[in-house]
Amino acid sequence: MNITNAQYQSLKTDDVVVEAKHNIVAIINGVKTFVPIDPASRSYAEIMRQVAAGDLTIETAD
Amino acid sequence: MSRARDFADLAGSANAGGLTGRNLIINGAMKVAQRGTSFANPSDDTYTLDRIHVFNGNDGATTITQDTTVPSGEGFYNSIKFDCTTLDGTIAAGQYLSFNQRIEGLNNAVLGYGASGAKSIVVSFYAKSNLTGKFCYAVRNSATNRAYIKEFSLTSANTWERISFTIPGDTSGTWLTTNGIGAIHGISLSMGSTYHGTANQWNTSNVVATSNQVNFLSSTDNEFFLTGWQVEVGQTATPFEHEDIGTTLRKCQRYFCTWNTGWTGVSAGISYQQSSSVSLPVKMNHTPDLVRTGGTTSTRYPSSNFGTFHANSDGFSSFNASASTGGNESWQATGTADSEI
């Protein structure tokens with residue numbers, strides 16, 4: 001799985017960030033993909049594997 | 001096969017698990033192709049026709065398509081076709097080409113694997129290739145430390161053959177009974193020695209073929225077709241269980257589906273806001289990956305945008321706000337939801 005440009009999306013309520021890591025947006029095999037924070041997700045598991053291996057960094061949410 | 005034999009086998013199947021819904025393989029007739037019908041040398045560890053996963057790590061290239069070549073008189077109208085387009089005459093130890101179905105643990109649980117009383121299964125399918133010789137079928141657990149390999153032979157070139165064999169239940173190992181991978185059923189087309197094991201026994205390592213496995217990538221003339229893939233409880237293969245397309249599609253949609261919705265954006269004085277919600281056709285295996293694939297766009301709503309989304313296995317909603325103001329707009333959006341295991 002070729003993963004680039006990973007970035008967290010935050011969740012805001014009343015303009016206040018209530019969840020800094022609500023989901024991840026990444027380019028996976030060339031496609032912009034919205035990935036849930038869910039260990040059952042193959043994409044999420046692979047993202048975290050690549051992060052642990054030092055091959056990928058997830059940017060913080062804007 | 002005689003009608004009396006059919007009834008006898010079905011009666012045996014009824015004792016084992018039921019007359020309908022007995023096939024643990026989803027989309028065994030290769031009818032559902034929501035992702036598309038042609039995949040030119042797909043990436044390793046990816047999906048093609050619905051529920052058909054491919055391991056594709058080698059120096060060759062293979063195009064995978066949904067085909068209409070089928071065994072005559074058996075009620076099929078689709079098969080999956082593998083066409084070698086770039087050869088790899090020598091498969092290195094760690095290289096491979098195989099296709100698989102990962103059976104969800106909640107479905108595989110009926111077999112009682114990992115404990116005494118684990119049930120035998122019968123695997124059957126129709127296959128055809130110009131390449132004759134031995135191929136290998138394997139069943140593994142999610143940890144890939146339990147693996148049963150069964151060799152099968154295609155003996156007549158370019159001729160459909162119905163293959164069937166029994167695999168004894170595994171009374172050892174850990175086999176998930178959750179929404180994760182309960183069992184991985186796979187057919188090797190080319191397989192390096194790293195993944196070679198011993199046939200007709202439960203191995204304790206990640207092996208899927210024997211050294212007798214043919215190399216499908218040996219020639220660009222090679223083609224391989226398969227349909228009517230069935231895995232059922234018992235000792236005797238029964239006729240393939242044909243399903244109506246709606247039933248098979250619904251089963252597939254638990255793991256992958258397409259969606260189509262409208263987005264409406266309204267000016268809110270100092271900002272511009274859009275929102276939408278989508279109910280997925282069935283409850284998916286888990287919260288899906290979401291991709292927007294098409295629909296109408298505008299400067300506020302480019303083709304790949306979702307805004308911030310909230311999703312679970314039932315559906316998702318999207319919300320987007322920008323500082324710019326403007327008139328009201330509406331868009332169509334199409335996309336995919338993927339919760340394959």
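Reader: Before we start, what are the ground rules for the model?
Author: The model is predicted, so local features need pLDDT of at least 70 and side-chain atom pairs count only at pLDDT 80 or more, while totals for chains, interfaces and linings use all residues. Residues are numbered from 1 along each chain as its sequence is written, chains are lettered from A and ligands numbered from 1 in the order in which they are written, and side-chain values use heavy atoms, with hydrogens and water left out.

Reader: OK, how many residues of chain A are in contact with chain B?
Author: Counting heavy atoms within 4.5 Å as contact, 17 residues of chain A touch 19 residues of chain B.

Reader: And how much area do the two bury?
Author: About 1,500 Å² is buried between chain A and chain B, 51% of it on carbon and sulfur atoms; buried area is the accessible area (1.4 Å probe) that two parts lose on being put together, summed over both. Of the area that chain A buries against chain B, K32(A), F34(A) and R42(A) supply 43%, more than any other three residues.

Reader: Which side chains meet in a salt bridge?
Author: Those of R42(A) and D45(B) do, at 2.6 Å from N to O, where the rule asks for a side-chain nitrogen of Lys or Arg within 4 Å of a carboxyl oxygen of Asp or Glu. The rule finds one salt bridge across this interface.
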